[in-house]
Structures are given as C-alpha cells and as structure tokens.
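Thanks for taking a look at this one with me.

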Amino acid sequence: MADLDFKKINELSEKYKADMTKFLRDMIRIPSESCKEKEVVHRIKEEMEKVGFDKVEFDGMGNVLGYIGTGKRLIAFDAHIDTVGIGNRANWTFDPYEGMEDDEIIGGRGGSDQEGGMASMVYAGKIIKELGLAKDCTVVFVGTVQEEDCDGLCWQYLIKEKGLKPEFVVSTEPTDGGIYRGQRGRMEIRVDVKGVSCHGSAPERGDNAIFRMGRILSDLEKLSQNLKDDPFLGKGTLTVSQVFYTSPSRCAVADSCAVSIDRRLTWGEDKESSLAEIRNLPSVKESGDRVEVSMYTYEEPSWTGLVYPTDCYFPTWVLPEDHVVCKAGMKTYEKLFNKPGRLDKWTFSTNGVSIMGMFGIPVMGFGPGKEAQAHAPNEITWKNDLVTCAAFYAALPDIYVEDNK
Ligand SMILES: [Zn+2]
C-alpha cells in the first residue's frame, strides 16, 4: 500500500468518465425490470470482457460475476442491475429509457438506483488491472438480479448455492458521497380473518369478517405508534398497505377479510418479535382461530427460469463504526479525496439484508447518485460521482488488506 498512487488512481478514473457515461447510458437504454434482466446482464458481461476482466460468468439465477485477480483474499462489490418500472410516463420530462445527459448529469431509469454503481465497478476493475493493484486479492464484481422485487435473494443464492463467501461486500447503492453502514430491515406480513356469511337483512346469524378486521386495524394503528426507536437507525414503522375481502353480495355479511402490512424493523426488532406483537393484540387473541398472522413468500422465477422461494423477511443490519471495514472505507476516502468521510445509513433496503443480516458478512455502502432519486420520475445521477466511486473501489482492496493481514 505504501506505493499506492492515489493521484494516478484519481487521474485514471477521471480519464474514464466518458466511457462510464457511455456504458451507463447503454444500460439505461435496456429496460431491466426485476426478472427481465437478461439483456442488461449480457451488456454488462460484454463491457467487463472489453476492459480486460480475467473471468466473467453467469450463475444459475442469472447474476453476472466478473473477476479480477486470483489472490487469496476475496472481496466483493455488488450492484443490483434490475430497476423498477417508470410509473406514469407523463411525470417524466425526458424519455426514461433513452435518457439524457449534459456536462454534469445523466438521466434515465436506473441512473441512481443503481446501474451507475455498475458503471463505476467495471471501470474500477479496469484501473485495478491497469495499475496492477489488489495483488493479494480476488476481486469479484457482481451484477445482481431481482433486488427490487426481493432484496437480498440474489445473495442468498450466491452464498448458499454458488459458495461465494467474500471477506466483505461493498454495496454500490447510492450513498450521496457517504460511507453507509446499516439500514432498517423489513417484512411483508399478512393478516387473514375468517367470517361466516348470511343474509344482510339478519346479520346476527353470521360473523362479519370486516367488522372483526376493523377492531384489529385499530389495534394495529395503536401498535404502530408504540414501536422501538434506535438512535442510529430511527424508529420501526408499521403501515397497512392493502386490503382484501370476500362477500357473496352487497346484501350479505362478508365472510373473509385480509390485509397486507409493510413493517420496517429497527435495531432489536426481528421476525419473531414482530409477528408476536401482532398475535398478542387483544382483538387478535380474542378471535382465536378466526385470525391467522403470516409472512408472505416470494417465488417469482428469475430470467433464467430459476425459482428460489424465500420468506419476505429482510433482517436489520448495522456494521459498528469502529469495524475494520468501516475503517478501511474511511481511510480510502481520506487518502483519495483529502477530506474526512461521512458515516451514515440508508433509509431504503438493500442486498445487505441477506449478506450481513442473514449471513453476517460485513457490508459497507459507497455508491454514485442519491437515494432520493430512487424510483422517482426524472431520475438522474452525477458524472463526478461515477469518477469518485470508481477511484474508491480501485483503492479500497489494498488499503483493507494492508491493515488486515
Ligand atoms: Zn436500489
């Protein structure tokens, strides 16, 4: 590391600004909603091969993995390369897939969330190769699928089925120049109420599932005001996002009602505690077996056709401030940019939920763009962010290895 030339790394990254811009705009031009990423991962493979990656492959789920080096220390960078849809096209002032650019910004769906991270990763690989960096490492740059639909599923597959176990992972989701070390978890819960229908003219003969759900909803609202708080991650939240019912007619007592709940989990909250809180609500307890509280399951096929079912549970994770990976990130930032880094957290969810939340592999976030751009119309990112991030990714492995032999 003594001979790591930070000036040269910054210069090279600046030199590749135009290539990163072109590559990102190509990715934006290829629509790549979750489960439909086939074309974009092939475009990424092509760019990795063009800049000289040592090996590029797909796994069974359709994630693309590009490797640099064959050293003993395995370090991974992750960019999910699926995007959400465009929403109402009328809210965009430019074509979300053709995109736009000026001297400073690039617009289009996926710009900030988060194909920009992929552009920086590929050119970090090129810089590592060109300068002969990360000699002790195998650096794997992964473009992951289905994150917008089911965060972390791709890394469940990579870790359990592909056996990929890096020392740590850098998530390149947008961090607005900060080094991020955690996020609230989340889960998708369903409450089902059974009733008995009868003629609406004599409702006492039946058992109205909607009235019963009404009592449960008011208990849920009270619960939502009394959830745990955490000084770093903030409060846990609970909101009802969907309602369903069945009833034989408008002149009948409803015989079922169900709701979906979006639950965000702060530090100290997990799937067992959150389900128990709901099962212990007075209105749920008094309903006995008329009520069922459960978790949703995700089982959509990936673009390769693979179905890899999982509970819709995405655990909370936090990397301690003084963790060696945070320290390596802060040091890399300071050496490259001559100013102190900023440690912070994401508001939204990332693949960190499985990498660190389920498997305990440390995750640090540093990525181009801003979180507020995610899923919004007129999504943009910044060309200078692409440059900053590529330099950071290129310098980080050697700094980490030097301090953690
Ligand atoms: Zn994202």
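1. Let us start with a term. A residue is called buried when its relative accessible area is under 20%, exposed when it is over 50%, and partly exposed in between. Lys228 has a relative accessibility of 46%, so it counts as partly exposed. Please keep in mind throughout that this is a predicted model.

2. Staying with Lys228, you will find it in the loop that runs between α6 (209–224) and β11 (237–246). Its C-alpha lies 8.5 Å from that of Leu265, although 37 residues separate Lys228 and Leu265 in sequence.

3. Next, have a look at the zinc ion. Its protein donors are NE2 of His80, an OD atom of Asp113 and two entries from Glu173, both OE, at 1.8 to 2.8 Å from the ion. Along the sequence, these donor residues follow the spacing H-x32-D-x59-E. Asp113 belongs to helix α4 (residues 111–131), while Glu173 sits in the loop between β7 (168–171) and β8 (179–180); the pair is 60 residues apart and links distant parts of the chain.

4. What is the geometry of the zinc site? The angles among the 4 donor atoms range from 51 to 150°, and the site is irregular. For four donors to count as tetrahedral, all angles would have to lie between 85 and 135 degrees.

5. The largest pocket holds about 160 Å³ of space. The zinc donors His80, Asp113 and Glu173 are among its lining residues, and the lining also includes Glu147, Glu148, Asp151, Arg186, Arg264, Phe348, Ser349 and His375. Sorted by class, the lining comprises 7 charged, 3 polar and 1 nonpolar residues.

6. Finally, there is an open sheet to trace. It has 3 strands, in the order β4-β5-β20, with antiparallel pairing. β4 (100–101) and β20 (380–382) are the edge strands: each has a single partner, so one side of each is left without a neighbour in the sheet. In general, strands of a sheet pair through backbone hydrogen bonds. Between β4 and β5 (residues 105–107) the antiparallel pairing covers 2 bridges. If you want a place to begin, go to Met100, whose bridge partner in β5 is Gly107.

Methods. Residues numbered from 1 in each chain as written. Predicted model: local features only at pLDDT ≥ 70, side-chain atom pairs only at ≥ 80, totals over all residues. Heavy atoms only, no water. 1 Å grid on protein atoms, 1.4 Å probe; cavity = no way out; pocket = protein on both sides within 12 Å on 5 of 7 lines; lining within 4 Å. Points joined across faces, edges and corners; volume = space filled by probe spheres on them. Nonpolar A, V, L, I, M, F, W, Y, C, P; charged D, E, K, R; others polar. Donors = N, O, S within 2.8 Å, 3.2 Å for Na, K, Ca; no water. Tetrahedral: all angles 85-135°; square planar, octahedral: opposite > 155°, others 65-115°. Helix = DSSP H or I, 4+ residues; strand = E, 2+ residues; numbered from the N terminus. Pairing = 2+ DSSP bridges. Buried < 20%, exposed > 50% of the residue type's maximum accessible area, 1.4 Å probe, protein only.
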